[in-house]
Amino acid sequence: MQNPKRAFWGSLAVLVLLWLVAEPRPFGTGPFFPLRERMVQLSGVLAIGCMSMAMILALRPRWPEAWLGGLDKMYGLHKWLGIAALVTAIVHWLWANGPKWAVGWGLLARPERGARPIIENPIEAFFAGLRGLAEGLGEWAFYGTVVLIVLALVQWFPYRLFYKTHRLIALAYLVLVFHAVTLMKFSYWMSPLGWIMGGLLACGTWAAVLALLRRVGAGRQVNGRITSLKYYPGVGAIETEIDVPRGWPGHRPGQFAFATSDTSEGAHPYTIASAWNAENPRITFITKELGDHTSRLREMLRVGQEVKVEGPYGCFTFDDDCAHQIWIGGGIGITPFVARMKELAMRTGTPACTVAPTVHLFHTTADVDEEALGKLAADARSADVRLHVLVDARDGRLSGERIREATPEWRTASVWFCARPPSVKRSGETSPCTAFLSVRGSIRNSSRCDSAEIETAPHFAGEMPGCCTLRRAGGRTRQHGHLPLAAISDRNPVGMLVAVEPEASIQRRRCYCSPWVGQNPPGMVT
């Protein structure tokens, strides 16, 4: 999660610094109303800048996906940029209107206005003539944007309505672009701030037009046809196999795709539950009945139906250098592991393939379907994966102690985890999993050059062993070691890191421990 945070705060910092360069007297002493004008400009730059970046990310671009840690992290950044745009837009509105209210209430004296200076630049004069129109349209677009963003953040708002209303933000954004271009201080356009803002507004406008035309991700969409449907009543899940004869670039186990079966509902994200075979180009999704859309799939889908598939996306691809892996699939979170087992089974006996790690798969479920569990067991046998099935009512919950007892190699194993979060998000889908969960802590002791004692942050709870990465906060250096995280819990937040590299000693520094644990984020669709 560090790169999305860097991108978020870094973007805000860059915009503020560019504004400071463009504004000769940003916070100088003097009358209140000139300061008010400067704050209106700063808050406006931040609001439209954040909204522009959010619009660009709504296109699901490929180039930042790997650096941000997957499309799910990218949509998280999209969400926080939207929240930042909302907050700074409200601040912008308050700076613009608050002093007027204060004058009306007698709290501030009305500023004396002299004769307006003559504008000699014809372009600046043209914008000045549009000022009243830009202010009026911008205010109404602001009100609409506030309502639409709040609806996007309210979890109980139905997804089918969210899909229709969220696109209207693109229309409001185009009005706000006109507002920003017209009212931004003209001298800013001759500075680096103006160049950056011009690029953001141009790219954001292009993204808004594509969103309004429903062309988001169109270059990565392929047509498919449903070849088989299998319903598992015990777990309330439907397995859909789709033939994609042309255009699909292939995928890796653990990745996901957007599938559209009903254009009025739009695209929904699903984890791919099959390995890719170019000679038999098919994709399998396993979807659990969790939300309003997925609960209707059984009645909506039929064999032979045409669908659109977009992707693949995601970085939950089982890439690490550990000789042992622990997989934990909770409920419908088993789907990426099914895809990986099918790929391992296909690779068995291939001379050129690398040695696969030893894998223990823990599947926890509250529901039971014997046919589904039988197919899962068959996949595990074919892939030489050690399967451990825990039914909640029969076996209780999975704990760190159970993992350690069943996995002798747990100290040197990486952990891959995928499960539906406790609270069902709006889309109610089998959302993609992500590969990393960072545990923030600080070095308490480092008396030896090859060990360090770590105190984790209070929010970390649970026991999770695994390979660990120790990184100096704010630095690029990474040291790999093995952290017995089983000793860490919310009751005993202290563990011991045994570093592989001698130079891994860090004296009382902040650190980030990433045991390669993933969670199931909400699926966000534009």
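Modeller: Among contacts in the chain between residues at least 6 apart in sequence, 75% join residues at least 24 apart. The model is a predicted one, and its chain holds 14 helices and 16 strands. Of the 526 residues, 50% count as buried.

Helix H2 has 26 residues and reaches 38 Å from its first C-alpha to its last, close to the 38 Å expected at 1.5 Å a residue. This helix is mostly covered, with 21 of its 26 residues buried.

Which residues does Ser 43 contact, leaving aside its neighbours within four places in sequence? They are Thr 88, Val 91 and His 92.

Pro 99 is buried, with a relative accessible area of 5%. Although Pro 99 and Phe 33 are 66 residues apart along the chain, their C-alpha atoms are separated by 8.1 Å. Not counting residues up to four places away in sequence, Pro 99 touches Phe 32, Phe 33 and Arg 36, as well as Leu 94 and Leu 108.

The packing of H2 against another helix comes next. Two packed helices are described by the angle between their axes and the distance between the axes. The axes of H2 and helix H8, residues 168-183, come within 11 Å and cross at roughly 145°. The crossing in which H2 passes H8 is left-handed. On the side of H2, the contact is made by Gln 41, Ile 48, Met 51, Ser 52 and Met 55. On the side of H8, Ile 169, Ala 170, Tyr 173, Leu 176, Val 177, Ala 180 and Leu 183 take part. The residues of this contact between H2 and H8 divide into 10 nonpolar, two polar and no charged.

A loop joins H2 to helix H3 (65-68), and Arg 60 lies in that loop. Arg 60 has a positive phi of about 60° although it is not a glycine. Is Arg 60 buried or exposed? Arg 60 has a relative accessible area of 2%, and therefore it is buried.

Helix H11 (residues 335-347) and helix H12 (residues 370-383) pack at an angle of about 40°, with their axes 8 Å apart. That angle makes H11 oblique to H12. The crossing of H11 and H12 is left-handed. From H11, the contact involves Val 338, Met 341, Lys 342, Leu 344 and Ala 345, and from H12 it involves Leu 376, Asp 379, Ala 380, Ser 382 and Ala 383. The residues of the contact of H11 with H12 comprise seven nonpolar, one polar and two charged.

A positive phi also occurs at Phe 318, where the value is about 65° although the residue is not a glycine. Phe 318 is placed in the loop between E6 and strand E7 (324-330), and at 3% relative accessibility it counts as buried.

Definitions and conventions:
Residues are numbered from 1 along each chain as its sequence is written. This is a predicted model: local features need pLDDT of at least 70, side-chain atom pairs count only at pLDDT 80 or more; totals for chains, interfaces and linings use all residues. Side-chain values use heavy atoms; hydrogens and water are left out. Contact means heavy atoms within 4.5 Å. Axes are lines fitted to C-alpha atoms, for helices over the stretch in contact, and angles run from 0 to 180 degrees between N-to-C directions. Helices (H or I, at least four residues) and strands (E, at least two) are DSSP runs, numbered from the N terminus. Angles under 35 degrees count as roughly parallel, over 145 as roughly antiparallel, 65 to 115 as roughly perpendicular and the rest as oblique. A crossing is left-handed if the near helix is turned anticlockwise from the far one by less than a right angle, and right-handed if clockwise. Ala, Val, Leu, Ile, Met, Phe, Trp, Tyr, Cys and Pro count as nonpolar, Asp, Glu, Lys and Arg as charged, and the others, Gly among them, as polar. Buried means under 20% relative accessible area, exposed over 50%, partly exposed in between (1.4 Å probe, protein chains only). The expected span of a helix is 1.5 Å times one less than its number of residues.
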